[in-house]
Amino acid sequence: MPVSDRLDRYPTRLTEPAPHLERTDPTVWGEVTSPELAGFDANGYAIIPDLLSQEEVAGFGAEIGHLAADPVLYGDERVVVEPVAGQVRSVFQVHKLSKPIAELVAESRIVGLAEQILGSEVYLHQTRVNYMPGFGGSGFTWHSDFETWHAEDGMPAPRAVSLSIALTDNFPFNGSLMLMPGSHRTFVPCLGETPEGHYRESLQEQRIGVPANDDITFLAARFGITQFTGKAGSALLFDSNLMHGSSNNITPFPRSNIFLVFNSVENALEEPFAAPVRRPTHIAAREVTPVREVAPLADQAR
């Protein structure tokens with residue numbers, strides 16, 4: 001089917017403002033058995049305390065420290081630096097760079113969370129480590145991940161979830177993630193044409209594909225704002241269309257996390273809905289291999 005003939009149920013990157021769209025897709029596609037996920041359908045997110053032990057936190061903390069300091073990775077397109085401070089902001093495709101992370105991803109306590117929500121086998125749409133260093137970590141403006149994944153990657157429906165695993169304590173004051181509970185049920189069309197190579201700028205500071213201030217004001221009044229805080233080892237699982245963002249970290253306390261995006265194998269990417277070309281595969285994977293089949297490939301990571 002020609003791209004122009006496709007049904008686009010979530011049009012965005014428009015030339016004129018358009019009304020918000022109430023979501024018609026389910027939030028929970030499968031059967032929830034984990035007690036921590038009981039409120040996911042209503043809120044669009046769930047907090048899983050103590051997903052990692054403190055010994056695991058220490059081990060993965062050292063692992064991501066090695067990645068950030070690896071001179072071989074400097075200049076690699078998978079590494080994104082802070083626009084002002086120049087420190088490492090994110091490292092993408094981290095499951096292919098780290099054997100311990102590759103092994104963690106395939107564990108049932110990790111992938112099983114996504115499978116319950118998405119109701120199918122899942123594959124890794126994207127993985128990364130987010131570093132928010134003290135005195136220099138810049139935040140992420142309010143956005144829906146699905147808006148970007150739909151517009152620039154061709155993800156048909158919001159049948160994806162993100163798992164953010166905290167490797168440092170998340171305080172209210174060190175740039176921890178802010179969330180709008182229930183906002184996952186509302187899709188906000190955004191304005192502006194997507195330029196080619198937009199990802200190079202948006203991964204540092206996103207300006208296209210973000211809601212207008214009036215949109216955020218409306219959503220905040222309707223849904224309110226809460227925050228993910230907790231000790232290292234806790235995790236946040238959230239819907240791909242949940243409105244979220246974070247402020248800059250001007251404290252001396254860094255905030256880092258492993259960020260895993262699971263997409264249903266029944267929601268494979270198509271051509272972008274509102275971008276001239278696909279983003280690179282280290283940002284948006286095109287190989288739909290179920291995570292549980294990837295476990296033996298962990299030996300290929302460094």
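A residue counts as buried when its relative accessible area is under 20%, as exposed when that area is over 50%, and as partly exposed in between. Keep these cut-offs at hand for what follows. The model is a predicted one.

Start with the charged pairs. The count comes to 15 salt bridges. One of them joins the side chains of E147 and R13, with N to O at 2.7 Å. This pair links distant parts of the chain. E147 sits in helix α5, residues 145-153, while R13 belongs to the segment before β1 (21-22). The two are 134 residues apart. Both E147 and R13 are buried. Their contact does not stand alone. R13, E147 and E152 are linked in a network of salt bridges.

E152 leads on to the cavities. The structure holds 3 cavities of 30 Å³ or more. The second largest cavity contains about 60 Å³ of space. Its lining is made of 12 residues. Which of them are the closest to its centre? They are E152, P195, G197, H198 and V277. By class, the lining has 5 nonpolar, 3 polar and 4 charged residues.

Now turn to another salt bridge, between E266 and R159. Their side chains meet at 2.8 Å, N to O. This pair also links distant parts of the chain, 107 residues apart. E266 lies in the loop between β13 (255-264) and α8 (291-294). R159 lies in the loop between α5 and β7 (160-166). Are these two partners buried or exposed? E266 has a relative accessible area of 57%, so E266 is exposed. R159 stands at 8%, so R159 counts as buried.

A further bridge runs from D50 to K231. The closest N and O atoms are 3.2 Å apart. D50 has a relative accessible area of 47%, so D50 is partly exposed. K231 is partly exposed because its relative accessibility is 47%.

Technical notes:
Residues are numbered from 1 along each chain as its sequence is written. This is a predicted model: local features need pLDDT of at least 70, side-chain atom pairs count only at pLDDT 80 or more; totals for chains, interfaces and linings use all residues. Side-chain values use heavy atoms; hydrogens and water are left out. On a 1 Å grid over the protein atoms alone, a cavity is a set of points where a 1.4 Å probe fits but cannot get out, and a pocket is an open set with protein on both sides within 12 Å along at least five of seven lines; lining residues have an atom within 4 Å of a point. Grid points are joined across faces, edges and corners, and a volume is the space filled by probe spheres set on the points. Ala, Val, Leu, Ile, Met, Phe, Trp, Tyr, Cys and Pro count as nonpolar, Asp, Glu, Lys and Arg as charged, and the others, Gly among them, as polar. A salt bridge is a side-chain nitrogen of Lys or Arg within 4 Å of a carboxyl oxygen of Asp or Glu. Helices (H or I, at least four residues) and strands (E, at least two) are DSSP runs, numbered from the N terminus. Buried means under 20% relative accessible area, exposed over 50%, partly exposed in between (1.4 Å probe, protein chains only).
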